[in-house]
Structure formats: C-alpha cells, structure tokens
Amino acid sequence: MTTTIVNAGYWEALWSGGRRYRHLDGTEARLMDERLGAGRGRPALDIGCGDGSLARHLHHELGYRATGIDISPTAVDLAASHDTRPGSGPAWQCTDVITGDLTALPDPAYAVITCRLVYRWMDDKGAFLSRVRHLLAPGGIFWVVTEIAGLREDTDPLHSLGISPAETELLTSGWSSVQTADLDVLRCFALCP
C-alpha cells in the first residue's frame with residue numbers, strides 16, 4: 001500500500017494542473033438547503049472551498065454571509081474569479097484549517113460550517129474536528145459530505161475510496177444530533193453540538 005502525503009503542495013499541484021472535482025448538483029443542493037435553512041445574513045464557513053460553488057450557493061441562494069477557505073492559492077483564485085462584482089459574493093481566503101491562524105478568519109464563530117469532499121483527506125481527523133468545534137457557533141450545524149468506503153461496486157477500482165467505519169464513528173461521536181442522507185457513493189452528515 002502506498003501512502004500519499006497530502007499537504008498544501010499536493011493540492012496546489014492538482015488545482016494548478018487543471019484538476020476539477022465533482023460539482024454541487026441539484027439533489028445535493030436541495031438536501032443541504034433543507035438541513036441548513038435560510039442564512040439570514042449569519043456567517044458560514046466552507047472548508048476546502050475549491051472552485052467556490054458551495055460557498056456561492058450558501059451566500060447567494062441561502063443568504064448566509066459565506067467565507068470560503070482552501071489550502072490551494074489556485075483554488076482560491078478560481079473561486080474568486082467567478083464573482084461578478086468585487087465584494088458581491090463570498091469572502092475568499094487561502095488558509096490551512098489545521099495549522100493556520102483561525103483568528104485571521106472574518107468571524108470568530110460560524111452558524112454553518114461545511115466540509116465537502118475534504119474530511120477523508122485530513123491526516124489528523126481528531127485535530128480537524130476539534131478546530132471545527134472551536135469555530136462552530138452554539139446551535140450551529142457542521143455539514144459534511146464525504147465518500148463512504150465500500151459504497152461503490154466491488155469491481156470499481158475506487159471501491160475502497162472513502163472513510164472507514166472507524167473514521168465515520170470519529171466524525172459522528174460527541175454531537176447532540178446526527179442526521180445522515182446518502183447520495184450515490186456520498187453520505188451527507190448534519191452534525192449539531
């Protein structure tokens with residue numbers, strides 16, 4: 001088994017090389033909308049924002065005051081390039097959520113924190129979850145979308161891609177409310193403190 005060291009350089013090489021990831025589709029967006037509700041100007045943080053589609057959805061469709069962060073400068077630049085007018089969309093910031101200065105974020109706490117297709121790549125998932133809990137406002141929602149290992153067909157070469165049962169247990173333990181929904185090979189988690 002080969003271990004890949006996943007760091008800023010790894011993600012920057014992929015984004016700057018033209019790699020793009022699964023788009024936020026209508027089914028997933030509707031499910032998220034139902035769980036998160038109207039933003040009413042409350043702050044939302046999208047961790048691993050990539051091209052910014054989820055942060056823009058939170059900002060423009062749901063009415064949150066969204067901030068998108070990513071470890072890749074190219075991803076952040078790509079996300080910002082979709083804004084039609086400066087200052088009219090989400091705030092964008094190149095930040096490593098694990099090692100970065102969280103006080104540099106625009107808000108001290110967030111009503112919603114999203115993490116789409118990112119959780120499985122966190123080397124220290126416990127430290128990541130600790131930082132998320134620190135940033136989540138009382139009564140907030142942590143929305144996670146991740147692939148679950150084993151949901152693909154056995155013949156699919158990516159069958160083992162995704163988080164394990166132990167990683168799922170780590171993600172879901174210690175929350176007062178855990179709601180899940182499956183979307184093909186992805187599972188959505190709405191986690192409340």
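Predicted model: local features only at pLDDT ≥ 70, side-chain atom pairs only at ≥ 80, totals over all residues.
1. Ground rules. Residues are numbered from 1 along each chain as its sequence is written. Local features need pLDDT of at least 70, side-chain atom pairs count only at pLDDT 80 or more, totals for chains, interfaces and linings use all residues, and side-chain values use heavy atoms, without hydrogens and water.

2. The helix pair. Helix H5 spans residues 125-135 and helix H6 spans residues 165-172. (Helices are DSSP runs of H or I with at least four residues; strands are E runs of at least two.) Their axes, lines fitted to C-alpha atoms over the stretch in contact, lie 10 Å apart at an angle of about 20 degrees. H5 and H6 are therefore roughly parallel, a label for angles under 35 degrees.

3. Their contact. Lys125, Gly126 and Leu129 in H5 meet Glu167, Leu170 and Leu171 in H6. Contact means heavy atoms within 4.5 Å. By class, three of these residues are nonpolar, one is polar and two are charged. Leu counts as nonpolar, Glu and Lys as charged, Gly as polar.

4. The sheet. Seven strands form an open sheet with mixed pairing, in the order E3-E2-E1-E4-E5-E7-E6. Pairing takes at least two DSSP bridges. E3 (91-94) and E6 (177-183) are the edge strands, each with a single partner, so one side of each has no neighbour in the sheet.

5. Strand E2 (residues 65-70) runs parallel to E3, and four bridges join them. Glycine 68 sits opposite tryptophan 92 in E3.

6. Helix on sheet. H6 also packs on the sheet, touching E5 (136-147), E6 and E7 (186-192). The directions of H6 and E7 make about 25 degrees.

Key
Axes fitted to C-alpha atoms, helices over the stretch in contact; angles between N-to-C directions. Parallel < 35°, antiparallel > 145°, perpendicular 65-115°, else oblique.
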